[in-house]
2 protein chains.
Amino acid sequence: MSAYQDLLAFQRETEALQQVSGRLGWDQETVMPRGAAAQRGEEMAAMEGVLHARRTDPRVGDWLAGIDDAALDTVAAAQMRHIRRAHDRATRVPARLSAELARVTSLAQGAWAEARAADDFQRFAPILAEVIRLRQEEGAALAEGTDYTPYDAMIQDYEPGASAAFLENLFGALRPRLVSLREKLLGAPTPKGLSGTFDVAQQLALSETIAKAFGYDLARGRIDRAVHPFSSGSGQDVRITTRTDAENPFDCVYSTIHEVGHACYEQNIHSDFLLTPLGAGVSMGVHESQSRIYENQIGRSRAFCEYLYRQMRDRFGDIGVDSADAFYAAVNTVHRDYIRTEADEVQYNLHVLIRFDLERQLISGDLPVADLEQAWNERFEADFGYPVNKPSNGCLQDVHWSVGLFGYFPTYTLGNVYAGSLHEALLRDVPQLDEQLMRGDTSGATGWLRENVQQHGGLYEPRELITLACGKAPSEAPLLDYLEAKFGAIYGV
Amino acid sequence: MSAYQDLLAFQRETEALQQVSGRLGWDQETVMPRGAAAQRGEEMAAMEGVLHARRTDPRVGDWLAGIDDAALDTVAAAQMRHIRRAHDRATRVPARLSAELARVTSLAQGAWAEARAADDFQRFAPILAEVIRLRQEEGAALAEGTDYTPYDAMIQDYEPGASAAFLENLFGALRPRLVSLREKLLGAPTPKGLSGTFDVAQQLALSETIAKAFGYDLARGRIDRAVHPFSSGSGQDVRITTRTDAENPFDCVYSTIHEVGHACYEQNIHSDFLLTPLGAGVSMGVHESQSRIYENQIGRSRAFCEYLYRQMRDRFGDIGVDSADAFYAAVNTVHRDYIRTEADEVQYNLHVLIRFDLERQLISGDLPVADLEQAWNERFEADFGYPVNKPSNGCLQDVHWSVGLFGYFPTYTLGNVYAGSLHEALLRDVPQLDEQLMRGDTSGATGWLRENVQQHGGLYEPRELITLACGKAPSEAPLLDYLEAKFGAIYGV
């Protein structure tokens with residue numbers, strides 16, 4: 001065997017072990033007995049130890065040295081790009097620093113949960129400062145000898161090829177139009193919401209119907225319940241979770257569609273890439289583009305609401321709105337709120353932009369942790385028009401920073417920007433889209449996304465992939481145009 | 001750290017990874033999407049590769065060489081006994097042979113399933129001969145330089161300390177009295193069975209009630225459905241499965257009690273032994289003794305039937321028998337049948353004895369595979385009094401030999417013998433047992449078993465453990481006396 005084949009065979013086992021580790025995570029959030037947490041912690045740590053040893057295995061360096069990428073075909077070259085990137089990352093970070101980060105973020109996650117419950121940022125501040133110090137050190141190691149800043153280097157873990165400067169430019173163009181739109185919408189009367197009784201078993205049955213309607217393959221997946229919905233796994237075993245709220249059936253429906261977007265991306269990757277570095281979604285941003293376009297541009301469209309309204313009337317009887325138009329408005333209501341994960345399409349990105357701007361300053365050192373709460377509250381009021389009422393509704397609401405995720409937040413909004421650009425191209429290429437969606441037929445939309453985005457897995461770099469799919473580079477304009485047109489029409493502003 | 005501490009820390013990670021591998025097996029049999037089989041095969045193989053590398057890690061040999069067992073306390077010495085035994089086994093078998101066995105048994109399992117479906121032993125014979133040849137080679141490597149025969153050496157994997165000569169002696173004393181008892185019982189009228197409708201959801205609810213009544217801790221376990229019931233996991237995460245048959249509620253009830261016996265053994269091991277070699281059941285025989293004493297000596301006792309009869313009447317209404325006595329007889333009916341796994345308490349061991357005698361001859365080479373079917377059929381007719389009607393009811397009924405399990409079958413009957421001896425001691429030590437069981441209170445029985453057997457995990461060798469619990473060495477007499485008295489009374493023979 002050649003060095004390339006040896007390396008791929010080794011990598012295939014690593015990918016298989018990563019799937020195992022991911023499935024342990026699924027198990028923990030869905031079916032694990034509540035008394036098994038301590039033992040599970042040791043099991044997860046042992047798996048992480050195995051994976052870390054493989055990522056830093058000296059044989060990988062030897063194989064890499066023996067491979068001439070220029071002699072490889074497109075697919076093999078793409079495999080090598082992923083493997084070299086992961087190997088470079090693994091060997092740049094000293095084992096001591098990795099272990100210290102694992103230890104401190106584990107403590108910090110607990111401290112964050114306590115601080116949030118107590119609504120007291122100062123309880124969290126000291127250990128957050130420690131997390132940031134370690135991530136700064138890691139970022140410096142990752143950036144050394146490259147053109148990246150430490151924060152740029154962190155972004156590469158989630159969105160290869162993106163940089164803070166690129167994102168600043170993109171998000172800078174989003175912010176003023178989003179602020180202006182939310183001001184207009186919140187000045188207009190709020191559409192009527194649903195009312196009625198929403199049997200939980202019926203919500204789950206509806207979820208499954210809709211998941212299938214979006215092409216989710218239950219022979220290679222399953223739907224369970226979890227406190228925080230997620231999707232997990234690649235290839236032949238891609239599972240999603242959802243949740244139910246007896247008062248609000250949209251929570252279940254749109255959580256399901258969002259996770260189905262993630263899951264269909266994984267399920268639709270070309271089977272030749274199974275258990276290889278190309279066999280998973282290429283970046284967080286592209287992943288989020290799929291979940292968001294399923295959830296919002298398709299799932300919250302006027303046409304799909306025609307179908308969903310009928311489905312919900314059939315299952316729940318009187319739901320308090322008496323036309324598909326009124327239902328569409330209820331689906332797309334914009335509320336005053338504080339919480340990112342519960343935000344509507346318009347305000348969601350404003351939440352993300354706060355975090356992106358603040359975390360850059362935390363990592364560069366321009367913003368001391370002691371000043372974070374005040375900086376958050378000032379920025380929130382500037383963009384949203386009202387003050388934060390308590391830290392759990394402010395800078396303590398997200399788990400991300402406690403577990404060391406810096407450079408991750410911007411991929412949420414990047415995903416929305418990608419979704420906007422893909423939606424523009426989809427409307428151009430599939431003229432019968434609305435007519436299909438009114439019948440609950442998503443095949444035109446999901447077929448186009450499978451063909452142009454999903455099947456490729458990690459074959460192209462993220463922006464290259466979206467550019468190929470759209471026929472032009474992604475930009476913020478289609479998303480903004482779509483939001484202004486859609487919500488302007490619903491709210492008559 | 002000392003070599004002992006280093007070794008235990010390494011071993012703890014290995015135990016954690018073994019739990020992960022076991023949980024993948026649970027997942028596969030309960031919740032895995034049906035289209036995930038190929039990928040799952042690679043995931044399991046990758047985990048097996050990790051575990052194999054750890055078992056044969058050269059550092060283990062170095063640590064072992066640096067430890068003076070004589071200087072250790074009882075618990076540490078017991079840990080070392082398990083670790084040295086596993087290391088000796090792993091290093092005796094050449095990697096080439098392990099890989100070949102894995103490859104051939106995987107094929108053989110498929111060939112066995114096809115041959116059984118086609119009821120054609122000759123389709124299975126050639127690959128079974130290959131499995132036997134490889135196991136003979138492995139047995140010879142395991143026995144080299146010891147007093148063991150190759151078959152004895154195989155037994156050590158499942159029942160450390162047992163030998164073929166010991167088992168021959170024990171089983172030789174069982175056979176004539178069992179044959180004679182089954183003849184008498186099958187000559188008498190068969191008690192009336194249940195009739196009625198047995199709602200599957202109610203069966204599962206009853207299962208859970210009974211599992212809790214036997215002390216199964218659902219905070220560290222869960223009950224799911226599977227085609228073939230099993231229990232899996234150790235420590236804080238011990239799961240069981242059961243199955244339902246709308247015609248026969250006893251299938252669900254007694255499968256559950258059997259698996260609860262296995263699971264309670266694992267759950268009740270002293271928490272100090274968590275994720276160490278002492279933290280799991282000590283042998284297959286002792287494990288089966290716990291499942292069998294829960295299922296039979298306790299679960300099928302006249303006293304427990306008083307409770308169970310009330311439970312079933314409450315849940316299912318008229319069940320076709322009108323007294324606890326009649327219910328007890330229905331629970332303990334003896335039928336003509338061919339299948340080991342469906343056999344009653346009396347005939348079960350006769351099924352096992354056939355396999356024990358034939359597999360010894362297969363491994364010694366005295367019985368050519370080509371003659372197996374005929375040898376099976378002759379022996380079956382001699383012990384059961386009627387001929388085998390087809391291979392799927394005869395020598396093709398069990399999967400064990402196809403996957404290379406030789407030396408495993410006798411542990412089923414050894415477990416029953418242990419259960420008989422433990423039951424005798426339990427009756428001696430817990431005089432209020434029947435009075436408790438009539439109320440569905442198993443605490444006297446399960447408390448005694450936890451105290452005398454289960455909590456010790458792997459601390460003692462199997463026979464030593466049973467001898468300590470009973471105050472004398474185990475023998476076949478208590479089991480035979482119990483069976484003759486119980487079934488003699490039910491059948492009036």
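UniProt, in an unreviewed entry, lists A:Glu259 under "active site"; such annotations may be inferred rather than shown by experiment. The model here is predicted: local features need pLDDT of at least 70, side-chain atom pairs count only at pLDDT 80 or more, and totals for chains, interfaces and linings use all residues. Residues are numbered from 1 along each chain as its sequence is written, chains are lettered from A, and side-chain values use heavy atoms, without hydrogens and water.

Find A:Glu259 in helix 10 of chain A, residues 249–267. Helices are DSSP runs (H or I, at least four residues), numbered from the N terminus. A:Glu259 is buried, with a relative accessible area of 8%. Buried means under 20% relative accessible area, with a 1.4 Å probe and protein chains only. A:Glu259 touches A:Pro229, A:Phe230, A:Ser231, A:Ile240 and A:Thr241, leaving aside residues up to four places away in sequence. Contact means heavy atoms within 4.5 Å. The side chain of A:Glu259 also reaches the backbone nitrogen of A:Ser231 at 3.1 Å.

Now step back to the whole chain. Chain A splits into domain 1 (3–155) and domain 2 (161–493), with bounds from an automatic or database assignment. Their contact takes 41 residues from domain 1 of chain A and 51 residues from domain 2 of chain A.

What is the count of salt bridges between domain 1 of chain A and domain 2 of chain A? The count is 3. A salt bridge is a side-chain nitrogen of Lys or Arg within 4 Å of a carboxyl oxygen of Asp or Glu. Elsewhere in the listing, the side chains of A:Glu461 and A:Arg85 meet in a salt bridge at 2.8 Å, N to O.

Terms used:
Helices (H or I, at least four residues) and strands (E, at least two) are DSSP runs, numbered from the N terminus. Buried means under 20% relative accessible area, exposed over 50%, partly exposed in between (1.4 Å probe, protein chains only). A polar contact is a pair of N or O atoms within 3.5 Å; within protein, one must be able to donate a hydrogen and the other to accept it, and residues adjacent in sequence count only if both atoms are side-chain atoms.
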